[in-house]
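User: I'm new to this structure and would like to learn how to read it. Could you take me through it feature by feature?

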Amino acid sequence: MAENPEEFDIVVIGAGFSGLYALHRLRKDYKTICFEAGDGVGGTWYWNRYPGARVDIQSVEYSYGFDEELQQEWKWPEYFSAQPELEEYANHVADRFELRDNIRLSNAVESLRFDKETNRWHVQSENGDYVLCKYIIAATGSLSAPNMPDWPGREKFRGEIYHTTQWPREPIDLRNKRVGIIGTGSTGIQAAPLLAEKSKQLTVFQRTPAFSMPSGNRPTDEEHERNWKENYGERRDKMLDTYGVSLIEYGTKSAHECTPEEQHAILEEGWTSKSAFQMMVAFTDVMTDRAANEVVCEFVRSKIREIVDDPATAELLCPTDYPIGAKRLCIDNGYFSMFNRDNVSLVDVKAAPITELTETGLKTTDASYDLDVIVMATGFDAVTGALTRIEVEGVDGLKLRDKWSEGPTSYFGFMVAGFPNLFMIHGPLTPAALAQMITAGEWQVDYAARVIDDMEKDNYSCIDTTEEAEQSWADEVNIAASHTIFGQANSWYNGKNIEGKKGGFMIYVGGFPRYRELSENALNNNYKGFVRS
Ligand code: N01
């Protein structure tokens, strides 16, 4: 560790989309540096380079809105961009706005310690950098800490193991290989069809079947692009008044108000609408009423049964024990039809869980499978994992990991009591992935910038929140979730995807507009819930 620390006003952690924008936004007025674990920028779109990785929101929306020239000049080749385009876009932004000199790549932050005598954070990185700063922007991502189930025997396996979040840059030769993929969430469902095409044999190990609808991806047509570019200002405003996604047509009728024929027609249109998540809003009550939700579930099951030739496989692929949307709805390119290929098979690891990896593959409680390659599409220690994997110490030696041991607390997902001057982007109890992450992230960075500007203008040195404010926000989050069916599944939204992880629902489902309104009201109302000194 360096003895003499470098001094900055602000340290940004993470050079993903929010971190890049934070650096650009704040660097103008403050001495700012960004630390990034990867050797490139792009965050999610740097790490998740597995075959088939693609965004599930149209790129005209899933992109930055802060710079008019950027959004006019950038061309998205497809409606739903694949990882290489998104990574290229992140690199373009880093170059265009000359951000690279202020980014330290391959240099993860290891610890953060707040000194309340000086109101400075002590930041130490894995390369031995030692920095003092007044503010931290934790743009660490809500889906960035991989979940690696700890099966015994991993070291014995003679083949190759890849986690989808750490996929190599170089193409992997899968010809003549027997591949096993574990996990059927958004990632597994995107990767599997391409792995099936490239490998000799693909075995899909499924614990919970997923609801998925076709992405409808296609090349961008000129008319669509022109239309967006001519109206970007207006459209970005509309996005802020929704979930950051304006291209969904929100249903106007309850499922109970429709005849079975009307229900079918609405759902059929939703299925081919080419707008992700249309199914979740096909009727006004899909996400609030289990019976209405079941109408949509049954429609999707009927599609699976229609697409998959083998009835037993089709049944195994049909989700039956949780509502659609309670786990993130998946968007696929040929996932269900892939099971009609001769080289693909499905294994139920809920009925017979995986017990260990062996020299030649893996074992479940009732069989052994010979594999050359194991792909772990097992998801993330979501929302809290990225920050709790850093040693974060607030006032009086309080550790963030301990504070969150029973589940995360926060005020607007923005601050945690006892950790002054530390601002989270997409932190726990924000809308996170239930709003469109780039737009919501930009908004949150602007919010943090407003707080910092006010602090400096009014000569404050420290801002914190209180446990009472955290409790009031927890109540709002819990009430919002209790009116919906979101809690009725084990998912990364509630941490139940990770064995032993505690805490309740970690996402604010009251909507991005209400989230903005309440967060802004607090600042306008003399920083209600915050304490400045
Ligand atoms: O992770 P997941 P993901 N034994 O947690 C299974 C975003 N995203 O990486 O459901 C056996 O959804 C687990 O089983 P179960 C998006 O927000 C977006 O796929 O817990 N299986 C599940 O099937 C998404 O929601 C895009 O029973 C085990 C899978 O692994 C989020 O990232 C693309 C297991 C994990 O699914 C996370 O998606 C990709 C075990 N021990 C991701 N442990 C797009 O934009 C876990 N599993 C399209």
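Analyst: Happy to; we'll go through sheets, helix packing, aromatic pairs and a few backbone angles. Keep in mind that this is a predicted model.

User: Let's begin with sheets. What holds strands together, and in what order do the five strands of the open parallel sheet come?

Analyst: The general idea is that strands in a sheet pair through backbone hydrogen bonds, in a parallel or antiparallel way. Here, the five-strand open sheet reads β7-β16-β8-β9-β12, with parallel pairing. From one strand to the next, the twist averages 20 degrees.

User: Which strands stand at the edges of that sheet?

Analyst: Look at β7 (160-163) and β12 (344-348). Each has a single partner strand, so one side of each is left without a neighbour in the sheet.

User: Can we zoom in on one pairing, and on whatever packs against the sheet?

Analyst: Take β8 (residues 178-182) and β9 (residues 201-206): they're joined by five bridges in the parallel sense. To find your place, look for I182, which sits opposite F205 in β9. Then find helix α5 (residues 186-198), which packs on this sheet and touches β8, β9, β12 and β16 (373-376). The direction of α5 makes about 170 degrees with that of β8.

User: Now β6. How many of the residues of strand β6 are buried?

Analyst: Nine of the nine residues in β6 (residues 130-138) are buried, so the strand is largely enclosed by the rest of the structure.

User: What do β5 and β6 form together?

Analyst: A hairpin, with four residues between the two strands. In its turn, G128 has a positive phi of about 90 degrees.

User: Are S106 and V383 buried or partly exposed?

Analyst: S106 counts as partly exposed, because its relative accessibility is 32%. V383 has a relative accessible area of 6%, so it is buried; the cut-off for buried is under 20%.

User: On to helices. At what angle do α1 and α14 pack?

Analyst: For a pair of helices, check the angle, the axis distance and the residues that meet. Helix α1 (residues 17-27) and helix α14 (residues 437-457) pack at about 35 degrees, their axes 9 Å apart. Their crossing is right-handed. Among the residues of α1 in this contact are F17, Y21 and R25, while α14 brings in others including M437, E442 and I452. By class, the contact has nine nonpolar, two polar and three charged residues.

User: Last one: how many aromatic pairs are there in the whole structure?

Analyst: A search of the whole structure turns up 38. One of them joins W473 and Y508, 4.8 Å centre to centre, with 45 degrees between the planes, which makes it tilted. This pair links distant parts of the chain: W473 is in helix α15 (residues 467-482) and Y508 in the loop between α15 and α16 (512-524), 35 residues apart. W473 is buried, because its relative accessibility is 2%. Y508 is buried too, at 0%.

Terms used
Residues numbered from 1 in each chain as written. Predicted model: local features only at pLDDT ≥ 70, side-chain atom pairs only at ≥ 80, totals over all residues. Heavy atoms only, no water. Axes fitted to C-alpha atoms, helices over the stretch in contact; angles between N-to-C directions. Left-handed = near helix turned anticlockwise from the far one by under 90°. Contact = heavy atoms within 4.5 Å. Nonpolar A, V, L, I, M, F, W, Y, C, P; charged D, E, K, R; others polar. Pairing = 2+ DSSP bridges. Phe/Tyr/Trp six-rings, centres within 6.5 Å; stacked < 30°, edge-to-face > 60°. Buried < 20%, exposed > 50% of the residue type's maximum accessible area, 1.4 Å probe, protein only.
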